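Open your viewer and get ready to click along. Each stop below tells you what to select and what you will find there.

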Amino acid sequence: MAIKGINEPMELNGNWIVNFPAGMGGPDQIDLPNLISLHTHPADGVKYFSGTATYVKNFIVEASFLADNKRVFLDLGRIAVIAEAILNEQILGILWKPPYRLDITDVVKAGENVLKVLVTNQWPNRLIGDEQLPVENKYKKFESNGVGIMELPEWYLQGKPKPAGGRVTFATWQFFEKYSPLLESGLIGPVVIANGVVKEVLI
């Protein structure tokens, strides 16, 4: 193995497009000037979002990043909590624990590249967000010092979808309160493209 011509890491800063699935309480799409945890966003639909958000970024790679058989790596920085990375329409893999780093040598190309990162978070933020909305069912406090539903709603008993226009979630127990702390969420970054050790060349 030889090490040579390593480039300075390239941070994918600036605008990211983030798409949200329908029916999950979020907007269709937002434009993030910089990566942040979604729980700090001012819009309620983003702050309280739970589910899978898709981050999209177009970026340019200089030919020097790929010259001399250098390896190229994608480092997502921090995510909350699990991510699938797709580069130039090729699935790179799923990341669920640090380091959130992938070898993209065989997928990245000189010129424009398109990166998609699908990040799935946990349910607490949406449950807390729904606690900001009017109560849809009757609850009572049990001896176990918890709050649970008194009776199941008709739509549930009849096997029908939950009516739209109210809370996104339905739970038989109140796991969180209105002022419960939110969890970090989404692609937090920084996202970096960097060189590594050169590939072995067989002669």
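**Stop 1: a charged pair**

Select E136 and K162: their side chains meet in a salt bridge, 3.0 Å from N to O. (A salt bridge here is a side-chain nitrogen of Lys or Arg within 4 Å of a carboxyl oxygen of Asp or Glu.) E136 lies in the loop between helix 2 and strand 11, and K162 in the loop between helix 3 (154-157) and strand 13 (186-189), so the pair ties together parts that are 26 residues apart in sequence. Helices (H or I, at least four residues) and strands (E, at least two) are DSSP runs, numbered from the N terminus. E136 is partly exposed, at 39% relative accessible area. For these labels, buried means under 20% relative accessible area, exposed means over 50%, and partly exposed is in between, using a 1.4 Å probe and protein chains only.

Before moving on, a word on the model. It is predicted: local features need pLDDT of at least 70, side-chain atom pairs count only at pLDDT 80 or more, and totals for chains, interfaces and linings use all residues. Residues are numbered from 1 along each chain as its sequence is written, and side-chain values use heavy atoms, leaving out hydrogens and water.

**Stop 2: the next residue along**

Now select N137, in the loop between helix 2 (124-130) and strand 11 (139-141). Is N137 buried or exposed? N137 is buried, with a relative accessible area of 16%. Show its surroundings and you will find that N137 touches I149, P153 and F170, leaving aside residues up to four places away in sequence. Touching means a contact, with heavy atoms within 4.5 Å.

**Stop 3**

Side chains of opposite charge can pair when their charged atoms come close. By the rule above, the count comes to seven salt bridges. For another of them, select K47 and D44, whose closest N and O atoms are 3.7 Å apart. K47 and D44 are three residues apart in helix 1 (residues 44-47), which means that about one helical turn separates them. D44 counts as partly exposed, at 46% relative accessibility.

Then pick K116 and E89, a salt bridge with its closest N and O atoms 3.6 Å apart. K116 sits in strand 10 (residues 111-120) and E89 in the loop between strand 7 and strand 8, so this pair ties together parts that are 27 residues apart in sequence. K116 is partly exposed at 26% relative accessibility, while E89 is exposed at 59%.

**Stop 3: a hairpin and its neighbourhood**

Stay with strand 7 and strand 8, which form a hairpin with two residues between them. In the turn, N88 has a positive phi of about 50°. Strand 7 (residues 82-87) pairs with strand 8 in the antiparallel sense over five bridges. (Two strands pair if DSSP finds at least two bridges between them.) One place to look is A85, which stands opposite G93 in strand 8.

Next, select I94, also in strand 8 (residues 90-95). I94 is exposed, with a relative accessible area of 55%.

**Stop 5**

Strands of a sheet pair through backbone hydrogen bonds, either parallel or antiparallel. Here, look for four strands in the order 1-14-5-9, which form an open sheet with antiparallel pairing. The edge strands are strand 1 and strand 9 (101-103), each pairing on one side only.

Which residues of strand 14 are buried? On one side of strand 14 (residues 192-195) they are V192 and A194, and on the other I193 and N195, so both faces are covered. Two bridges join strand 1 (residues 10-11) to strand 14, and M10 stands opposite I193. Strand 5 (residues 72-75) pairs with strand 14 over four bridges: V72 has N195 as its bridge partner, and D75 stands opposite V192.

**Last stop: the whole protein**

Zoom out to see three helices and 14 strands. The radius of gyration is 22 Å, well over the 17 Å that the globule rule gives for 203 residues, so the protein is more spread out than a compact globule. (This radius is taken over C-alpha atoms, and the rule is 2.2 Å times the number of residues to the power 0.38.) Along its principal axes, the C-alpha trace spans about 75 × 30 × 30 Å.
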